[in-house]
Amino acid sequence: MYKSSISVSLVFVLFISSMFFFGCRNAEVDRLTQQVSQLGRQNAEMRRSYERQLAEMQAEVDQARSDVAVLDELGDFLHGVRARLHTNQGVIEVEFYPHAAPIHVLNFVARAESGFYNGTRFHRIIPGFMIQGGDPNSRDGDLLQMGSGGPVNAIPHEFNEISHTRGVLSMARVSDKSMGAGSQFFIMHADTPRLDREYTVFGKVVTGMEVVDAIAAQPTHRDDPRLSNHPLEPMIIERIEVFRQ
(Lines give C-alpha, C1' and ligand atoms only; values in the text may rest on other atoms or scores of the structure.)
Protein backbone atom coordinates (compact mmCIF):
# COMPACT_ATOMS: atom_id res chain seq x y z
CA MET A 1 0.00 0.00 0.00
CA TYR A 2 2.85 2.35 0.79
CA LYS A 3 4.65 1.56 -2.44
CA SER A 4 1.48 2.16 -4.40
CA SER A 5 1.10 5.64 -2.86
CA ILE A 6 4.68 6.44 -3.81
CA SER A 7 4.03 5.35 -7.35
CA VAL A 8 0.87 7.45 -7.63
CA SER A 9 2.69 10.43 -6.16
CA LEU A 10 5.59 9.97 -8.55
CA VAL A 11 3.27 9.73 -11.52
CA PHE A 12 1.45 12.85 -10.35
CA VAL A 13 4.74 14.75 -9.99
CA LEU A 14 5.89 13.60 -13.39
CA PHE A 15 2.55 14.61 -14.87
CA ILE A 16 2.71 18.06 -13.33
CA SER A 17 6.33 18.44 -14.42
CA SER A 18 5.50 17.39 -17.97
CA MET A 19 2.57 19.82 -18.08
CA PHE A 20 4.88 22.58 -16.87
CA PHE A 21 7.56 21.55 -19.36
CA PHE A 22 5.17 21.39 -22.29
CA GLY A 23 3.54 24.61 -21.14
CA CYS A 24 6.92 26.30 -21.23
CA ARG A 25 7.66 24.76 -24.60
CA ASN A 26 4.32 26.00 -25.93
CA ALA A 27 5.06 29.50 -24.60
CA GLU A 28 8.47 29.35 -26.26
CA VAL A 29 6.86 28.22 -29.52
CA ASP A 30 4.33 31.04 -29.28
CA ARG A 31 7.11 33.55 -28.62
CA LEU A 32 9.16 32.29 -31.53
CA THR A 33 6.08 32.26 -33.77
CA GLN A 34 5.36 35.87 -32.85
CA GLN A 35 8.98 36.82 -33.58
CA VAL A 36 8.83 35.10 -36.96
CA SER A 37 5.59 36.87 -37.73
CA GLN A 38 7.03 40.22 -36.64
CA LEU A 39 10.16 39.67 -38.71
CA GLY A 40 7.95 38.80 -41.66
CA ARG A 41 6.04 42.08 -41.27
CA GLN A 42 9.28 44.02 -40.88
CA ASN A 43 10.72 42.33 -43.93
CA ALA A 44 7.62 43.18 -45.96
CA GLU A 45 7.78 46.82 -44.81
CA MET A 46 11.49 46.99 -45.58
CA ARG A 47 10.79 45.57 -49.03
CA ARG A 48 8.06 48.14 -49.65
CA SER A 49 10.39 50.90 -48.40
CA TYR A 50 13.19 49.62 -50.65
CA GLU A 51 10.83 49.53 -53.64
CA ARG A 52 9.70 53.12 -52.90
CA GLN A 53 13.31 54.30 -52.63
CA LEU A 54 14.18 52.47 -55.83
CA ALA A 55 11.27 54.10 -57.63
CA GLU A 56 12.24 57.55 -56.33
CA MET A 57 15.85 57.04 -57.38
CA GLN A 58 14.74 55.92 -60.83
CA ALA A 59 12.55 59.02 -61.12
CA GLU A 60 15.55 61.20 -60.19
CA VAL A 61 17.69 59.44 -62.80
CA ASP A 62 14.99 59.92 -65.43
CA GLN A 63 14.67 63.61 -64.51
CA ALA A 64 18.45 64.07 -64.62
CA ARG A 65 18.59 62.46 -68.06
CA SER A 66 15.78 64.73 -69.19
CA ASP A 67 17.56 67.80 -67.79
CA VAL A 68 20.82 66.81 -69.49
CA ALA A 69 19.00 66.36 -72.78
CA VAL A 70 17.41 69.81 -72.43
CA LEU A 71 20.77 71.41 -71.58
CA ASP A 72 22.40 69.64 -74.52
CA GLU A 73 19.72 71.04 -76.81
CA LEU A 74 20.24 74.50 -75.29
CA GLY A 75 23.98 74.18 -75.88
CA ASP A 76 23.35 73.23 -79.51
CA PHE A 77 20.97 76.17 -79.93
CA LEU A 78 23.53 78.66 -78.55
CA HIS A 79 26.47 77.23 -80.48
CA GLY A 80 28.15 79.92 -82.56
CA VAL A 81 26.61 82.86 -80.68
CA ARG A 82 29.02 85.68 -79.83
CA ALA A 83 28.81 89.14 -78.31
CA ARG A 84 30.56 92.47 -78.73
CA LEU A 85 30.82 94.64 -75.65
CA HIS A 86 30.90 98.23 -76.87
CA THR A 87 32.68 100.20 -74.13
CA ASN A 88 33.92 103.78 -73.91
CA GLN A 89 37.43 102.30 -74.26
CA GLY A 90 36.72 100.19 -77.35
CA VAL A 91 35.10 96.91 -78.37
CA ILE A 92 35.62 93.54 -76.67
CA GLU A 93 34.35 90.52 -78.60
CA VAL A 94 33.68 87.27 -76.77
CA GLU A 95 32.82 83.74 -77.76
CA PHE A 96 30.77 81.50 -75.49
CA TYR A 97 31.05 77.94 -74.19
CA PRO A 98 27.38 76.86 -74.31
CA HIS A 99 28.05 73.18 -73.80
CA ALA A 100 30.13 73.81 -70.68
CA ALA A 101 27.75 76.37 -69.14
CA PRO A 102 24.50 76.59 -71.16
CA ILE A 103 22.46 78.32 -68.44
CA HIS A 104 25.11 81.02 -67.93
CA VAL A 105 25.43 81.66 -71.64
CA LEU A 106 21.66 81.97 -72.01
CA ASN A 107 21.52 84.22 -68.92
CA PHE A 108 24.16 86.59 -70.33
CA VAL A 109 22.81 86.60 -73.90
CA ALA A 110 19.21 87.19 -72.80
CA ARG A 111 20.21 90.08 -70.53
CA ALA A 112 22.46 91.57 -73.19
CA GLU A 113 19.74 91.44 -75.84
CA SER A 114 17.22 93.01 -73.47
CA GLY A 115 19.53 95.99 -72.82
CA PHE A 116 20.07 95.00 -69.18
CA TYR A 117 23.79 95.77 -69.36
CA ASN A 118 23.51 99.02 -71.30
CA GLY A 119 25.07 101.90 -69.36
CA THR A 120 26.56 99.70 -66.64
CA ARG A 121 30.24 99.92 -65.75
CA PHE A 122 33.29 97.86 -65.10
CA HIS A 123 33.11 98.92 -61.46
CA ARG A 124 35.92 96.74 -60.11
CA ILE A 125 39.34 96.55 -61.74
CA ILE A 126 42.43 94.77 -60.42
CA PRO A 127 45.38 94.74 -62.83
CA GLY A 128 47.03 91.36 -63.06
CA PHE A 129 43.77 89.74 -61.96
CA MET A 130 40.47 90.75 -63.61
CA ILE A 131 37.93 93.46 -64.50
CA GLN A 132 34.34 93.06 -63.26
CA GLY A 133 31.06 94.49 -64.50
CA GLY A 134 27.38 93.74 -64.99
CA ASP A 135 25.96 95.37 -61.85
CA PRO A 136 22.77 97.39 -62.54
CA ASN A 137 23.62 99.52 -59.49
CA SER A 138 26.67 100.86 -61.33
CA ARG A 139 24.54 103.11 -63.55
CA ASP A 140 23.66 105.74 -60.94
CA GLY A 141 27.21 106.71 -59.96
CA ASP A 142 27.01 105.78 -56.27
CA LEU A 143 30.38 104.08 -55.92
CA LEU A 144 29.58 102.56 -52.53
CA GLN A 145 26.59 100.69 -54.02
CA MET A 146 28.47 99.32 -57.01
CA GLY A 147 29.02 95.61 -56.75
CA SER A 148 26.00 94.94 -54.54
CA GLY A 149 23.29 94.75 -57.21
CA GLY A 150 21.84 92.06 -59.40
CA PRO A 151 18.63 90.24 -60.35
CA VAL A 152 16.15 88.88 -57.81
CA ASN A 153 16.41 85.32 -59.12
CA ALA A 154 19.78 83.58 -59.23
CA ILE A 155 20.91 80.86 -61.64
CA PRO A 156 22.60 77.61 -60.56
CA HIS A 157 26.38 77.38 -60.78
CA GLU A 158 27.88 75.37 -63.61
CA PHE A 159 31.43 74.90 -62.37
CA ASN A 160 33.49 73.18 -65.06
CA GLU A 161 37.03 72.16 -65.94
CA ILE A 162 37.89 75.24 -68.05
CA SER A 163 40.75 77.13 -66.43
CA HIS A 164 40.69 80.83 -65.58
CA THR A 165 43.34 81.94 -68.06
CA ARG A 166 43.88 85.44 -69.47
CA GLY A 167 40.82 86.62 -71.41
CA VAL A 168 38.40 84.09 -69.91
CA LEU A 169 34.84 85.29 -69.23
CA SER A 170 33.52 84.03 -65.89
CA MET A 171 30.58 84.66 -63.56
CA ALA A 172 30.84 86.49 -60.25
CA ARG A 173 29.08 85.17 -57.15
CA VAL A 174 28.72 85.82 -53.43
CA SER A 175 30.76 83.81 -50.92
CA ASP A 176 27.81 81.48 -50.21
CA LYS A 177 27.84 79.05 -53.15
CA SER A 178 24.25 77.99 -52.49
CA MET A 179 23.07 81.44 -53.57
CA GLY A 180 23.89 80.85 -57.24
CA ALA A 181 24.97 83.55 -59.71
CA GLY A 182 23.27 86.73 -60.92
CA SER A 183 24.27 89.23 -63.60
CA GLN A 184 27.80 90.28 -62.65
CA PHE A 185 30.67 88.85 -64.66
CA PHE A 186 34.41 89.35 -64.96
CA ILE A 187 37.11 89.06 -67.60
CA MET A 188 40.46 87.63 -66.56
CA HIS A 189 43.41 89.99 -66.99
CA ALA A 190 45.89 87.22 -66.10
CA ASP A 191 45.92 83.49 -65.46
CA THR A 192 44.45 82.73 -62.02
CA PRO A 193 44.05 78.96 -61.54
CA ARG A 194 42.90 79.30 -57.92
CA LEU A 195 39.48 80.32 -59.29
CA ASP A 196 39.10 77.07 -61.23
CA ARG A 197 35.98 75.06 -60.31
CA GLU A 198 35.01 77.82 -57.88
CA TYR A 199 33.49 80.15 -60.48
CA THR A 200 31.69 79.36 -63.72
CA VAL A 201 33.65 79.95 -66.92
CA PHE A 202 31.25 80.54 -69.82
CA GLY A 203 33.27 82.27 -72.54
CA LYS A 204 36.48 83.98 -73.62
CA VAL A 205 37.66 87.15 -75.34
CA VAL A 206 38.53 86.56 -79.01
CA THR A 207 39.39 90.15 -79.94
CA GLY A 208 39.84 93.29 -77.89
CA MET A 209 42.21 92.19 -75.15
CA GLU A 210 43.94 95.55 -75.61
CA VAL A 211 40.69 97.12 -74.39
CA VAL A 212 40.72 94.85 -71.35
CA ASP A 213 44.33 95.93 -70.74
CA ALA A 214 43.36 99.59 -71.04
CA ILE A 215 40.51 99.21 -68.54
CA ALA A 216 42.70 97.23 -66.11
CA ALA A 217 45.35 99.99 -66.26
CA GLN A 218 42.96 102.74 -65.15
CA PRO A 219 43.85 104.60 -61.93
CA THR A 220 41.56 103.87 -58.99
CA HIS A 221 40.44 105.58 -55.76
CA ARG A 222 43.54 104.65 -53.79
CA ASP A 223 42.79 107.25 -51.12
CA ASP A 224 39.71 105.38 -49.90
CA PRO A 225 40.11 101.66 -49.02
CA ARG A 226 36.39 101.10 -49.62
CA LEU A 227 36.82 102.22 -53.23
CA SER A 228 40.35 101.05 -53.89
CA ASN A 229 39.29 98.91 -56.87
CA HIS A 230 36.91 101.45 -58.44
CA PRO A 231 38.32 103.36 -61.42
CA LEU A 232 38.48 107.14 -61.13
CA GLU A 233 36.90 107.52 -64.57
CA PRO A 234 33.77 105.51 -65.45
CA MET A 235 34.51 102.43 -67.60
CA ILE A 236 31.13 102.16 -69.30
CA ILE A 237 29.54 99.29 -71.19
CA GLU A 238 27.51 101.34 -73.65
CA ARG A 239 25.75 98.33 -75.19
CA ILE A 240 26.25 94.66 -75.97
CA GLU A 241 25.70 93.40 -79.49
CA VAL A 242 24.75 89.72 -79.74
CA PHE A 243 25.24 87.92 -83.06
CA ARG A 244 25.76 84.45 -84.50
CA GLN A 245 29.01 83.74 -86.25
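Phe122 is buried, with a relative accessible area of 1%; buried here means under 20% relative accessible area, exposed means over 50%, and partly exposed lies in between, with a 1.4 Å probe and protein chains only. Phe185 also counts as buried, at 0% relative accessibility.

Before I continue, a word on the source. This is a predicted model, in which local features need pLDDT of at least 70 and side-chain atom pairs count only at pLDDT 80 or more, while totals for chains, interfaces and linings use all residues. Residues are numbered from 1 along each chain as its sequence is written, and side-chain values use heavy atoms, with hydrogens and water left out.

Let me turn to the aromatic rings. A pair of aromatic rings is described by the distance of the centres and the angle of the planes. Rings of Phe, Tyr and Trp (its six-membered ring) pair if their centres lie within 6.5 Å; planes under 30 degrees apart count as stacked, over 60 as edge-to-face, and the rest as tilted. Nine aromatic pairs are present in the structure. In one of them, Phe96 and Phe108 are tilted, at 5.6 Å centre to centre and 55° between the planes. This pair links distant parts of the chain, since Phe96 belongs to strand β2 and Phe108 to helix α2 (residues 102–114), 12 residues apart. Both Phe96 and Phe108 are buried. The ring centres of Phe122 and Phe185 are 6.1 Å apart and their planes stand at 85°, so this pair is edge-to-face. Because Phe122 lies in strand β3 and Phe185 in strand β6, the pair ties together parts that are 63 residues apart in sequence. One aromatic cluster is formed by Phe96, Phe108, Phe116, Tyr117, Phe122, Phe185 and Phe202.

I now move to the fold. The chain has three helices and eight strands, where helices (H or I, at least four residues) and strands (E, at least two) are DSSP runs numbered from the N terminus. Along the sequence they follow the pattern α-β-β-α-β-β-β-β-β-α-β. How do the eight strands close into a barrel? They do so in the order β1-β2-β7-β5-β6-β4-β3-β8, with antiparallel pairing; two strands pair if DSSP finds at least two bridges between them. Neighbouring strands of this sheet are turned by 35° against each other on average, direction ignored. As an example, six bridges join β1 (residues 81–87) to β2 (residues 90–96), and Arg84 has Glu93 in β2 as its bridge partner.

Next, helix α3. This helix (residues 209–216) lies across β1, β2, β3 (120–126), β4 (130–133), β6 (181–188) and β7 (201–207), and runs at about 120° to β2. Axes are lines fitted to C-alpha atoms, for helices over the stretch in contact, and angles run from 0 to 180 degrees between N-to-C directions; contact means heavy atoms within 4.5 Å. Which residues of α3 are buried? They are Met209, Val211, Val212, Ile215 and Ala216. These residues cover an arc of only 155° around the axis, which puts them on the same side of α3; the arc is that of the directions from the helix axis to the C-beta atoms. Their cover includes β1, β2, β3, β4, β6 and β7.

Arg197 sits in the loop between β6 and β7. Its phi is near 65°, a positive value in a residue other than glycine. Arg197 counts as partly exposed, at 44% relative accessibility.
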